[in-house]
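Here's a quick tour of the inside of this model. Have the structure open while you read.

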Amino acid sequence: MVNTAILATLKAKAGKEQAVEDFLKSALQLANEEAFTTVWFALKIDASTFAIFDAFANEADRNAHLAGPIASALMENAAELLSEAPSINKVDVLAAKLNS
């Protein structure tokens, strides 16, 4: 069951759109290594706007993810890739359908 999530929105700098897309695609490997991350999605909203949605069973798992390698890599590369600081929102999951 998932109860908590993160919705992060990223705005790429002009000319860095492909680099942001590549970064997000490469982060899937790290997400797959996190047993506590129930679902993880990298999304492209428009040409320069991207998002990450991931969900967790509880607050401790969400906090572990926020302290993990994906968040660290994102923050290390933010100044080079993003036109503004990422918008990282902790959200609650009200309902979910997950296939196992």
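## The nonpolar core

The largest nonpolar core has 19 residues, and Leu10, Val20, Leu24 and Leu82 touch the most other members. A nonpolar core here is a set of buried Ala, Val, Leu, Ile, Met, Phe, Trp, Tyr and Cys residues joined through side-chain atoms within 4.5 Å; buried means under 20% relative accessible area, exposed over 50% and partly exposed in between, with a 1.4 Å probe and protein chains only. At least two residues of this core come from each of β1, α1, β3 and α3. Those labels are DSSP runs numbered from the N terminus: helices are H or I with at least four residues, strands are E with at least two. There's also a second, separate core of 5 residues, with Val2, Ala5, Val39 and Ala55 among them.

A word on the source: this is a predicted model, in which local features need pLDDT of at least 70 and side-chain atom pairs count only at pLDDT 80 or more, while totals for chains, interfaces and linings use all residues. Residues are numbered from 1 along each chain as its sequence is written, and side-chain values use heavy atoms, with hydrogens and water left out.

## Helix α1

Helix α1 covers residues 17–32, and its end C-alpha atoms are 24 Å apart, which agrees with the 22 Å that its 16 residues should span at 1.5 Å a residue. (The expected span is 1.5 Å times one less than the number of residues.)

Which residues of α1 are buried? They are Val20, Glu21, Phe23, Leu24, Ala27 and Ala31. These buried residues pack against β1 (4–11), β2 (39–44), β3 (49–56) and α3 (69–81). Leaving aside residues up to four places away in sequence, Val20 touches Ala12, Phe50, Leu81 and Leu82, where contact means heavy atoms within 4.5 Å.

## The cavity

The largest cavity has a volume of about 40 Å³. On a 1 Å grid over the protein atoms alone, a cavity is a set of points where a 1.4 Å probe fits but cannot get out, and lining residues have an atom within 4 Å of a point. Grid points are joined across faces, edges and corners, and the volume is the space filled by probe spheres set on the points.

Its lining is Leu10, Val20, Phe23, Leu74, Asn77, Ala78, Leu81 and Leu82. The largest share, 4 residues, comes from α3.

Gly15 sits in the loop between β1 and α1. Buried or exposed? Gly15 is exposed, with a relative accessible area of 66%. The C-alpha atoms of Gly15 and Leu81 are separated by 9.0 Å, though these residues are 66 residues apart along the chain.

Key: On a 1 Å grid over the protein atoms alone, a cavity is a set of points where a 1.4 Å probe fits but cannot get out, and a pocket is an open set with protein on both sides within 12 Å along at least five of seven lines; lining residues have an atom within 4 Å of a point.
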